[in-house]
Amino acid sequence: MERREFMKQAGLGALGVALTVGQGIAAEETSATKIRWGLVGTGKRCRQHIKVLQRFPEYRIVALCDIQKARLDHAMEMCKADPPTGYADYRDLLKRDDLDVILVATPNYVHREVVVSALKSDRHVLTEKPMGISVEECNQMIQTAEGTGKILQVGLQLRYAPFYQKVHSLLREGIIGKPKFVWFNEFRGDWAKQSADPKIDDKINWRFKQKLSGGTLLEKSCHYFDLFRWMIGTEPIRVCGMGGINFYTNGRDTLDHASVVIEFDGDCKATHGLSMYSPHGQGFFIIGEKGALDLNWETGDIVVKREGKKDEIMRADVSNKDTGGHIGTFEMHQSFLDCIRTGKPPLTDPVAGKESIRLGLAAEKSIRENRWVDMTEIPA
Ligand SMILES: NC(=O)c1ccc[n+]([C@@H]2O[C@H](COP(=O)([O-])OP(=O)(O)OC[C@H]3O[C@@H](n4cnc5c(N)ncnc54)[C@H](O)[C@@H]3O)[C@@H](O)[C@H]2O)c1
C-alpha cells in the first residue's frame, strides 16, 4: 500500500500523526509514518539543517539534490546512517512519490523556481531566506502556496529563537511602552570565501553578485528588517540608506557596509548598521515611551532600563544547537512541524518573507539613487 494511502486509511491525514514535537522517540513512530524530506541545495546552510533534522525522530531525509557533486557527496556522507538518494536535478527528486516536505537551500536566485515546482508537486516547503530577489518572485510563490493549500514557511529563524521570543513578548506586555527608536548593528568579517576559479564563479560566489543574491541588504539584512517589523508591530513608511564597497574591491558588486534608517508608522525610527569587513561587534537597543531594552544576542542578556529604577537583568537562551551560530533554527523546525501537522500558518509566513525583501529593496534603491525611498515606490 502506498504510504499516503496508508496514512489516509489510518485516519492520520497527510501528516497528522500524534507525536511529540522534536522530542525523544515517539512510540507511534515507524519508518512508514515518518515525515519524509527532500533537500535541494546541499551547501553550507543545508548542512546545518541536516544536523537539526537528524534530531527529530519524526523526520527522515530521503532525497538530496545539488548541481555540484562535491556538495551532494558531502551531504550524503552526513546522512550515511540512513542513506537518502542523491539527485543532480531537483525535477527528478520531485518525481518521487514518497516526499512530504521540501527544503530549499539553493542560492537566492534559484529559490522561486524550486519553491514553485515543489508546491505544485503537492509538498510543503521550507525555503531559506531571503525568500526571493524580487517582489514579483515572492508574489508568485505566495499565489502558488495559496492555490495549492500547502504550507510555505520562510527561514527567518531569528523570530523563533527563545531570545527574540522573549524580547518580543516583553514588548507586547508593554514593559517599555511603544517602541519609538530601535537600532540593530552587526559588524563582522565576511561570511563566505570568494573562490578564485572563474569556471565555478557563479556557483560559489553568487553572494557577491547583485543579480544573483539581490544584494547584501536582502541576503544579510532581511533578518533584521524582519525583526524590526515584528518587534515594532507597524509597517515601514520610508527608507534612507548610505553604503558602498570600502574593502572588497576584487570585482564584487555587492555592498560591504551600509547604514539604513527606516521610519515606521506610529512615529518609530529604526536604524541598521552593517559592516562585513570589521572586527566583531554587535548591538541591539530598543527605546520605548517608558524605558529601553539593551540586548545582547550573544550572551542572551536583556537589560530593562527605566527612569528612576534599578536596571532589571534577564537572560534568555541563545544556544545555537549546532547550527553555526544561527540561533532559532532548531525552534523554527519545531514550529514548522507543528504547522504541517495542524495546518496553522507559520510565524514567518511568505508575507513576512516578502515584506523583509521589500525593505531590503527600498534600502538598496535608496543607496543607489542617493535619496529617501517611500515604501509606495516598491511594488506590493
Ligand atoms: N537562515 C540563515 O541564517 C541562513 C544562513 C546561511 C545561508 N542562508 C541561505 O541559504 C541559502 C544557501 O546558502 P549557502 O550558504 O548554503 O550557499 P551555498 O552556496 O553554500 O549552497 C547553495 C547550494 O545550492 C546548490 N545549487 C545551486 N543551484 C542549484 C539547483 N538548481 N539545484 C540544486 N542545487 C543547486 C549549489 O551548488 C550549492 O551547493 C541562501 O539562500 C542563503 O541566503 C540562510
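Two strands pair if DSSP finds at least two bridges between them. I start there since the first thing to show is a pair of bridged residues. In strand 15, V373 is the bridge partner of V239. This is a predicted model, so please hear every value as computed.

Let me stay with that sheet region for a moment. Strand 8, residues 236-244, and strand 15, residues 373-374, run antiparallel and are joined by 2 bridges. Strand 8 has another partner in strand 9, residues 257-264; these two pair in the antiparallel sense, over 8 bridges. If you want a place to look on the screen, find G244, which stands opposite H257 in strand 9.

Next, strand 7, residues 179-187. It pairs with strand 11, residues 281-288, in the antiparallel sense, and that pairing runs over 8 bridges. The bridge partner of E186 in strand 11 is Q282. Strand 7 also pairs with strand 10, residues 268-275, but here the sense is parallel and there are 7 bridges. On that side, N185 stands opposite G273 in strand 10.

Now the domains. How does the assignment divide the protein chain? Domain 1 covers 3-155, and domain 2 is given as 159-320 + 350-377. Taken over C-alpha atoms, the centres of domain 1 and domain 2 are separated by 28 Å. In the contact between them, domain 1 takes part with 16 residues and domain 2 with 18 residues. On the side of domain 1 that touches domain 2, the elements giving two or more residues are helix 6, 135-148, and strand 6, 152-155. Helix 6 supplies the largest share of that side, 5 residues. By class, the side of domain 1 that touches domain 2 divides into 12 nonpolar, 3 polar and 1 charged.

On to the ligand. What surrounds it? There are 25 residues around the ligand, and the closest are G41, G43, R45, R71 and E128. Helix 2, residues 44-53, gives the most to this shell, with 3 residues. The shell is made up of 8 nonpolar, 9 polar and 8 charged residues.

A helix pair next. Helix 7, residues 162-173, and helix 11, residues 222-232, have axes that come within 9 Å and cross at roughly 30 degrees. From helix 7, the residues involved are Y164, V167, H168 and L171, and they meet L227, W230 and M231 in helix 11. Sorted by class, this contact of helix 7 with helix 11 has 6 nonpolar residues, 1 polar and no charged ones.

The peptide bond from K129 to P130 is cis, with omega near -20 degrees. P130 lies in the loop between strand 5, 124-128, and helix 6.

Two aspartates have positive phi. D122 has phi near 75 degrees, a positive value in a residue other than glycine. It sits in the loop between helix 5, 111-120, and strand 5. Is D122 buried, exposed or partly exposed? D122 has 14 other C-beta atoms within 10 Å, so it counts as partly exposed. The other is D322, with a positive phi of about 65 degrees although it is not a glycine. D322 is in the loop between strand 14, 312-315, and helix 12, 329-342. D322 has 13 other C-beta atoms within 10 Å and is therefore partly exposed.

Last, Y87, which is found in strand 3, residues 85-87. Why is Y87 called buried? Because 20 other C-beta atoms lie within 10 Å, and a residue is buried if that number is 20 or more. Leaving aside neighbours within four places in sequence, Y87 is in contact with A63, C65, D92 and L93. As for R207, it is 120 residues from Y87 along the chain, and the C-alpha atoms of the two are separated by 24 Å.

That is what I have; questions are welcome.

Methods. Residues are numbered from 1 along each chain as its sequence is written. This is a predicted model: local features need pLDDT of at least 70, side-chain atom pairs count only at pLDDT 80 or more; totals for chains, interfaces and linings use all residues. A residue is near a molecule or strand if its C-beta atom, placed from the backbone, lies within 6 Å of it. Helices (H or I, at least four residues) and strands (E, at least two) are DSSP runs, numbered from the N terminus. Ala, Val, Leu, Ile, Met, Phe, Trp, Tyr, Cys and Pro count as nonpolar, Asp, Glu, Lys and Arg as charged, and the others, Gly among them, as polar. Domain bounds come from an automatic or database domain assignment. Two residues are in contact if their C-beta atoms, placed from the backbone, lie within 7 Å. A residue is buried if 20 or more other C-beta atoms lie within 10 Å of its own, exposed if 12 or fewer, and partly exposed in between; C-beta atoms are placed from the backbone. Axes are lines fitted to C-alpha atoms, for helices over the stretch in contact, and angles run from 0 to 180 degrees between N-to-C directions.
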